[in-house]
Amino acid sequence: MSEKVYFEIRNLHADVEGSPILKGVDLKINKGEIHAMMGPNGSGKSTLSNVIMGHPSYEVTEGEILFGGQNMVELAPEERAQSGLFLAFQYPVAVPGVTTAKFLKSAFDAVHGEQNIKAIAFLKELRANMKYLGVREEFINRYMNDGFSGGEKKRMEILQMLTLQPQMAIMDETDSGLDIDALKVVSKGVNKLVSPAFSLLVITHYERILNYIKPDHLHILMDGKIVFTGGSETVKKLEEKGYDWVREEYGQEVLAGREEASKV
Amino acid sequence: MTTETTFINDEYKYGFVTEVEADTIPKGLNEDIIRMISEKKNEPDWMLEWRLQAYRWWLNKEEPQWPMLNFEPVNYQDLRYYSAPKKMADRFKNEEGKIDPEVKKTFEKLGIPLDEQKQLEGVAIDAVFDSVSVATTHQKVLEDLGIIFCSVSEACEKHPELIKKYLGSVVPYTDNFYATLNSAVFTDGSFVYVPKGVKCPVELSTYFRINAQDTGQFERTLIIADEGSYVSYLEGCTAPMRDRNQLHAAVVELIALGDAQIKYATIQNWYAGDKEGKGGIYNFVTKRGHCRGKNSKISWTQVEAGAAITWKYPSCILEGDNSTGEFYSVAVTNNCMQADTGTKMIHIGNKTKSTIISKGISAGQSANTYRGLVQVLPDAFGCRNYSACDSMLMGDQCSANTVPYIEAENSTAVIEHEATTSKISEEQLFYIKSRGIDEENAINLVVNGFCKEVFKQLPLEFAVEATKLLEMKLEGSIG
Ligand SMILES: Nc1ncnc2c1ncn2[C@@H]1O[C@H](COP(=O)(O)OP(=O)(O)OP(=O)(O)O)[C@@H](O)[C@H]1O
Ligand SMILES: [Mg+2]
């Protein structure tokens, strides 16, 4: 692994209840880079995100996930978060009875150590971030994601990301369900984190978010494998023509790979 | 590693035994024993007579069979009905009343300092050791306001007119098997009287401690809030670990006159037995409040986290027009614990309102039943009830049941009932863990969130205690 390669997935295979979903994913993200990932519904994007974060429903059968020199596969989800990984969920989960403030303070303490910030300073910072993301003040005392609208949940994911200050984040379709204004605000929030020390993987179906968060590279995931890696100009082509041409051009490889696998 | 693991009860932190010389009476139950108890307590004849009537009634009663509970029958002849730390036994004869240093230490270990200078601010505590109330703090402040807060025995002696008028007026000795038994053999408990228009400025609290072996604990609490008064009362309980099951059959009566309000909160953490279900407390309790006057209000809040068997239905009789009854409950069962608990709201007066919020958490092989009755009598107009009963299951060997009875005999009644059962979900735990929070704290967050509505009802320091108690019960939940 070269100096600059910060996050690397090697030949990652993962199953759910015995059936393979990820079939050999390879991905390298350097420090400070932004990568975009697209792919048809059901191709395995969320599965990849969940596997990176250590979801217990998925079993890694082969491969590794290297981050900061450590193999994440061996760590519990909380340890992955503590080492600086963050996932903005496609479908955030409600935690009834636990206020946003309480949830975020607990998370912050878990990631950065309890002694490192006083409750008052924390709340001040949180309020500032909320303002930045256009999250109304009252959300501080609402229960995490409980009864939030789809868009509010997505904003809350980014608020969490800003609060926890990860070194590497994955945004799983954060843009889906956001109105045009919200998309701008959220992107602005994300860009606040962008720095030479921060890496980002943006999973999306649409070009528009990539107008605000500019990716250095684009990957296309199909049937559990990355079949194409290129520049962001390909997004336009996808937007116009869909995925058929990708299937035609690169699908053969996937199919060939599959046949080979079934022979073994 | 599965996340829906059975959570294992950690070692019971309060399971120590205090060495004190005790003044006890022989095991067994008969009229002579009752006479002996009454004599030990220096009671007037009318009190003894009441006890004997209750006893005779009890002889013809049988234990209720309807709760969803399974347990070894209690041998009532093999129990001791009175045990008091010896040096305290003659407390009411000798007014000097120094407390046994060992007993004092015990309460200090439980976080209840009895020394005047160390006493908790804002909380007056009546400490009950085995069968006897050993000390009551903050007496002076209360006396100045005319508030009576003492043991029932003391009240018998000093305020017989109040005892005669109110004892058994909400829970008569004919009420049910356990309440009848309690009426015959009750040893002590707390008595509170708040005069007209007085708002009690401190929380009143009782701390029960069962120490002696094979002793039943039968305390009796009576709280009267006179017109326009207010009082908030908290009861906390512990018992040492014993292999034999110990019986606890308490009776609590609350009376709220016009415009009066009583808040009654319980944090129950009796020894629950070991993981195989050996030992632990049988907790058969009758708690009932009577909203006698207009606009009166009674709120029950309970956190039931201990005892091998819990059978308990704190109830409200809403007789005064426009009176309000509330029941907020968290019941946690683990290992082999069994709880059958809930409430009864009896709407008699017009425009009476009641709210029931019940949260059951079951883990291990435990069984947790909510049983509740909402009854609106035919000539009670404009009554309302809202009930929400939520159950959370941890693991797949435990069970949760909800048994709501609704008897609305007046068509103007508005009754809403909601019930949910959920498993602590892997998705929720994963989401929380993905934010850096470990499994144990993730479970704590979910559970405390689940109980939030109930904890909100507790005075702040007790809410903190309740939160800690649940966390303690959940400790070591990682398989
Ligand atoms: N927990 C699970 N149990 C069963 N099947 C699953 C599970 N998780 C994912 N799958 C299956 O794996 C495949 C990939 O799903 P995934 O959610 O990763 O797709 P995606 O690329 O994120 O799709 P979308 O664009 O619709 O979000 C789908 O066929 C899905 O049904
Ligand atoms: Mg997805």
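One salt bridge is counted between chain A and chain B in this predicted model. It pairs Arg435(B) with Glu157(A). The closest N and O atoms of the two residues are 2.6 Å apart. Polar contacts across the interface of chain A and chain B amount to nine residue pairs, both members at pLDDT 80 or more.

On chain A, the side that touches chain B draws two or more residues from each of several elements. These are helices H1 (45-53), H2 (77-82), H3 (100-112) and H5 (150-164), together with strand S6 (85-88). H3(A) gives the most, with six residues. By class, this side of chain A has 19 nonpolar, 10 polar and three charged residues.

The contact takes 32 residues from chain A and 18 residues from chain B. About 2,000 Å² is buried between the two chains. Carbon and sulfur atoms give 67% of that area.

Within chain B, helix H1 spans residues 31-40. Its buried residues are Ile33(B), Ile34(B), Ile37(B) and Ser38(B). Seen down the axis of H1(B), they fall within an arc of 135°, so they line one face of the helix. Asp32(B) and Glu39(B), on the other side of H1(B), are exposed. The cover over the buried residues includes helix H2 (45-59) and helix H7 (177-185) of chain B.

The N-terminal end of H1(B) is capped by Asn30(B). A side-chain oxygen of Asn30(B) lies 2.9 Å from the backbone nitrogen of Asp32(B). Just after the helix, Asn42(B) adopts a positive phi of about 60°.

Key:
Residues are numbered from 1 along each chain as its sequence is written. Chains are lettered from A and ligands numbered from 1 in the order in which they are written. This is a predicted model: local features need pLDDT of at least 70, side-chain atom pairs count only at pLDDT 80 or more; totals for chains, interfaces and linings use all residues. Side-chain values use heavy atoms; hydrogens and water are left out. Buried means under 20% relative accessible area, exposed over 50%, partly exposed in between (1.4 Å probe, protein chains only). Helices (H or I, at least four residues) and strands (E, at least two) are DSSP runs, numbered from the N terminus. The arc is that of the directions from the helix axis to the C-beta atoms. Contact means heavy atoms within 4.5 Å. A polar contact is a pair of N or O atoms within 3.5 Å; within protein, one must be able to donate a hydrogen and the other to accept it, and residues adjacent in sequence count only if both atoms are side-chain atoms. Buried area is the accessible area (1.4 Å probe) that two parts lose on being put together, summed over both. A salt bridge is a side-chain nitrogen of Lys or Arg within 4 Å of a carboxyl oxygen of Asp or Glu. Ala, Val, Leu, Ile, Met, Phe, Trp, Tyr, Cys and Pro count as nonpolar, Asp, Glu, Lys and Arg as charged, and the others, Gly among them, as polar.
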